[in-house]
Amino acid sequence: MSNGFIISADWMIGSARRPATPDHGVRIVDETITDVGPVADLTSRHPDDPVHHGRGQVLMPGFVNTHVHMYGTLAHGIPTGEVPSGFWSFLNDYWWPKVENALDQDMIEAATDLVCHDMLRSGTTTFYDILEAPNSLPDALLVEKSVVDRHHLRGILSFEATQRMGPANARAGLDENVALIEACRSDPSSIVEGSMCFHTTFTCDEPYILEAFALAAEHDVFCHAHCNEGVHEGLWCEEHLGSRTMEFYDRIGVAGTGFLASQCVQMSAAEIDIIASTGVRVSHMPLSNCEVGGGIAPVPEMLERGVTIGLGSDGYINDMFAVMRGAFLLHKARTLDPGAMPAPLVLHMATEGGAKALGLDRVGSLEPGYAADLQLVDAEFPTPITSENLADQLVLWRNAEHVGDVMVNGKWRVRNGEVSGADPAALRAETRRQAERLWS
Ligand SMILES: [Zn+2]
């Protein structure tokens, strides 16, 4: 008796780096893909395996969202009073006092539950979350972990440590990350992991940043920070630290492969050089960069230099199809080049590129030895599908509601568009109740 099974579909994109193939599939044993090929070959090699064939569907890797703030959902539509006049005013007059500082664990739990549901429903199987809620310590990450475990998502969780609330809170932020890393390592049933994270150069000083990187190295995890999300941080660094942000990180010796730098919107040529030459990994958030008036990140320029870049939603619009569309369109407009950011490259950034940015080797592609993280998406397009056009069809004309089935680590989590064991109306109602508390 075999314990393997075959999942196939009318079309498959095993890796966004290769053309789509008709009537292909994967064989899965437990949580791992063990074989890949044409359906006929798979069924003849594994005649006892049950076969699930997605008729009218495309089989592809689950999305990797490299930057989420799940709590951000609670602020969708929150009244801002006066419109912020720039990135600094967005943070200082609105986001910090009205959102982050007011969050408690009940709010975080409700938002986590809803966003995990919504991510699964829209084909995301792996994500990296950054919790910014200084008054929710300690153990806010353990609250998140238990919810993410229940949804069986591949989550990497972190707390954005900062010195802006004083020394005790700064210490508690770093400790929160270490506690979660250790909790995840001692829980073999979980596919949740921890990482290290601090806010920015303008809320954290050099010794604090060095300590965060040292703790990350000690625990063998990456260290994350937001970097140059708008013009503010680079100018602040020039004025207070005597150089641009990434030049400062390079000078203190932390620019390297263990650093995940998010945003990287307003970058000088010298900063791009440092990222490319030291191996800093980057997370790109095309839609939220627009929201905060940050600008358009030099992503084609960084890709040209071989930088590892994944896509993220920033907790703003969490549908990765919409995020891909933003990345596909924005850079064409900025560079005046319709050939910039072709769809397969965007799809790669939303899958395997994102996995590489998060340091995950066997995620983001459908290959033997890779984790069985996949999705089946409606492929009933009004125009013919070809090996060459399927990535464009998906990036431009598909959305969350076209995702039919999702598997994470060998377990079906979504069937026929419904997340197992979840009541989306109840999740929305609870999040709305917690949002009303936050807003008041
Ligand atoms: Zn962010």
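Modeller: Asp-314 is buried, with 27 other C-beta atoms within 10 Å. A residue counts as buried if 20 or more other C-beta atoms lie within 10 Å of its own, as exposed if 12 or fewer do, and as partly exposed in between, with C-beta atoms placed from the backbone. The model is predicted, and local features need pLDDT of at least 70, side-chain atom pairs count only at pLDDT 80 or more, and totals for chains, interfaces and linings use all residues. Residues are numbered from 1 along each chain as its sequence is written.

Asp-314 sits in the loop between strand S13 (309-311) and helix H12 (320-335); helices (H or I, at least four residues) and strands (E, at least two) are DSSP runs, numbered from the N terminus. Its phi is positive, about 65°, although it is not a glycine. Asp-30 is likewise a residue other than glycine with a positive phi, near 55°. Asp-30 belongs to the loop between strand S2 (21-29) and strand S3 (32-38), but it counts as exposed, with 11 C-beta neighbours inside 10 Å.

Met-324 leads from here to the core. Setting aside neighbours within four places in sequence, Met-324 is in contact with Leu-311, Val-346, Leu-347, Ala-350 and Val-395, where contact means that the two C-beta atoms, placed from the backbone, lie within 7 Å. In the largest nonpolar core, of 135 residues, Val-58, Met-324 and Val-346 touch the most other members. Such a core is a set of buried Ala, Val, Leu, Ile, Met, Phe, Trp, Tyr and Cys residues joined through C-beta atoms within 7 Å. Helix H3 (residues 105-121) gives the most to this core, nine residues. Because domain 1 (4-61 + 374-408) and domain 2 (63-357) both give residues to the core, it lies between them.

These domain bounds come from an automatic or database domain assignment. The C-alpha centres of domain 1 and domain 2 are 30 Å apart, and their contact takes 17 residues from domain 1 and 20 residues from domain 2. On the side of domain 1 that touches domain 2, the elements giving two or more residues are strand S14 (374-378), helix H15 (390-397) and strand S15 (403-408). H15 supplies the largest share of that side, five residues. By class, the side of domain 1 that touches domain 2 has 11 nonpolar, three polar and three charged residues; here Ala, Val, Leu, Ile, Met, Phe, Trp, Tyr, Cys and Pro count as nonpolar, Asp, Glu, Lys and Arg as charged, and the others, Gly among them, as polar.

Ala-372 occupies the loop between helix H14 (352-357) and S14. Ala-372 counts as buried, with 23 C-beta neighbours inside 10 Å. Leaving out residues within four places in sequence, Ala-372 is in contact with Ile-28, Glu-31, Thr-32, Ile-33, Met-407, Asn-409 and Gly-410.

Gly-256 lies between helix H8 (245-251) and strand S11 (259-263), and it is partly exposed, with 17 other C-beta atoms within 10 Å. Apart from residues up to four places away in sequence, Gly-256 touches Thr-278, Gly-279 and Val-280.
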